[in-house]
Amino acid sequence: MSGTAAVGAVMTALRPLADHVGANGDPIRTRFAVDGAGHDRLLDTIQVSVRPTGTESNVEITVRTRPRSEDAPPVSLSFTTRDAAIPALSASTVNPATIGSDNIAALIVDLLARTEACCALPRAERVTDGSNPGSTVAAPQCRGLFVGDDPSTFLSNGARVGPQGVFRGDFGTGSGVRFDRGTFEFRRADGDFVISYRWTARDGSTDNDTLVARREGSVLKFIGNQCICDAPVRPIAQHRDLIRSPQWSSIATGYNMWIAKVVTTPRGTQLTLLPTPGLSQLALAGPDGSLSGSGVLWLNGRFLDPASPGHPRDREPSMLSANPADWSDDAIRAIPRPVGVAHRVLPRRPGGAERRADLSHDQPCADTRRDRAHAVRRVGVFGRAPSVGATQGARFTDGTNVPSAWRHALVRCSRQSLADTHCDPTYPGHFAQGTMLFALELWGRNARQVELSKRVGVYRP
């Protein structure tokens, strides 16, 4: 299909939306103003994801509509560059109630500019008592960032504004944080806006995050998702580098669930996550009751060595997989994005071919000069507590968050329960003698909130 024909096919598929916002003509060749109307508004209302697989590309166009309910899946069109036709957007999904009339791009730019102005103030003006407990936001410029000009109205994933909560940087000694790349992600059923953005500290450390904002008068203000619990579900892509058994090194993709108790998937399957002594994250339980080492449900995996037969789960049974164990890319594209009480997954998880196409340059890496490499934000270690006689020690995980500009990290031992024996009782933060470490993980996430993991293992599967 030629370029002109492809643009025409996309515009035909989006015709109900284009007519609604007054976007007439070819958006590539039509001159338009950046004023929140016409083609500019059309581009603000959709998000296009193009994922190369090596031979073609998977395309997803998401329309940022206001859903009927929080558990309603987002409105999106999915197709591949090999498809002869593009599915059309239903006219019933496009109306003033679902699309709105806000120039959301301008509102987000204004919100981030006001946030940056708050951070530029001296700490003595920003807050009442520095980083001490009980310190509150004081400066009018900072209080005005929140609904009702009141920081106490903000609640996100169980955390409120404070020295140990959300916006803790406002209570710290640093200032001059910059905010950019503000993006409208989607609307909630209550009309609030979920936005993503990037922050950059003075030392160059940076990260991507999301927050919920509400229209109040002529501006956006932070409100949070108003959820009392933290329950994120994020796509994850992992490269397992088994340096002692390179033939079994693999890549896999799935969903990482930091959710307690039971999760119901879009297909109605119930998944159980349970606490495990020594592990910092709830572990996913298999059909036979066995527990994995994390809350990750793997949907697709491949050995890097094409001569290695089978599936990574065959060598590492703790990598619990969905049923079937290896989903095709077409099946993955058809999965609705998970929706939870607090979190909606921004992108779907990448398919296997997409992940293989990105493997060489899209993973956590300490050298941020590499094309599309993502800075490490967390370093984790995995191991077992000292054995007692013939009884193998319990598994454990420890880790530490690191600023993206750092090139080193110190991981200290942390007891997860009274029965946890992998820490030295005499020297806090030290590992007990006889503790075994079998894997190191470098973890980061991209602007679309996809977790990227490079795990280096010294064990033999």
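Author: Here we go through the strands and then the cysteines. Keep in mind that this is a predicted model.

Reader: Where do I start with a sheet, and what is the strand order in the open sheet of seven strands?

Author: The general idea is that strands of a sheet pair through backbone hydrogen bonds, either parallel or antiparallel. Here the order runs β13-β9-β8-β17-β16-β14-β15, and the pairing is mixed.

Reader: Which strands stand at the edges?

Author: The edge strands are β13 and β15. Each has a single partner strand, so one side of each is left without a neighbour in the sheet.

Reader: And by how much are neighbouring strands turned against each other on average?

Author: By 20°, with direction ignored.

Reader: Let's zoom in on one strand. Is β9 buried or exposed?

Author: Look at burial residue by residue; the cut-off for buried is under 20% relative accessible area. In strand β9, residues 250–257, eight of the eight residues are buried, so the strand is largely enclosed by the rest of the structure.

Reader: Which strand does β9 pair with over eight bridges, and in what sense?

Author: That's β8, residues 233–242, and the pairing is antiparallel. If you want a spot to check on screen, P235 stands opposite Y255 in β9.

Reader: How many bridges join β9 to β13?

Author: Seven, and these two strands also run antiparallel, with β13 covering residues 296–303. Two pairs to click on: G254 stands opposite W298, and I251 has R302 as its bridge partner in β13.

Reader: On to the cysteines. How many disulfides does a search of the whole structure find?

Author: The test is simple: two cysteine sulfur atoms within 2.5 Å count as a disulfide. Searching the whole structure that way gives two. Counting bonded cysteines along the chain, the pattern is 1-2, 3-4.

Reader: How far apart are the sulfur atoms of C118 and C142, and what handedness does the link have?

Author: The sulfurs sit 2.0 Å apart. For handedness, you read the torsion about the S-S bond: it is about 105° here, so this disulfide is right-handed. C118 belongs to helix α5 (residues 104–119) and C142 to helix α7 (residues 140–143), so the pair ties together parts that are 24 residues apart in sequence.

Reader: Are C118 and C142 buried or exposed?

Author: C118 is buried, with a relative accessible area of 1%. C142 counts as buried too, at 1% relative accessibility.

Reader: What about C413 and C423: how far apart are their sulfur atoms?

Author: Those are 1.9 Å apart, and the two cysteines form a disulfide. C413 and C423 both come from the loop between β15 (395–401) and β16 (436–445), ten residues apart. The S-S torsion reads -95°, and the link is left-handed. As for burial, C413 has a relative accessible area of 9% and is buried, and C423 is buried with 11%.

Technical notes:
Residues numbered from 1 in each chain as written. Predicted model: local features only at pLDDT ≥ 70, side-chain atom pairs only at ≥ 80, totals over all residues. Heavy atoms only, no water. Buried < 20%, exposed > 50% of the residue type's maximum accessible area, 1.4 Å probe, protein only. Helix = DSSP H or I, 4+ residues; strand = E, 2+ residues; numbered from the N terminus. Pairing = 2+ DSSP bridges. Axes fitted to C-alpha atoms, helices over the stretch in contact; angles between N-to-C directions.
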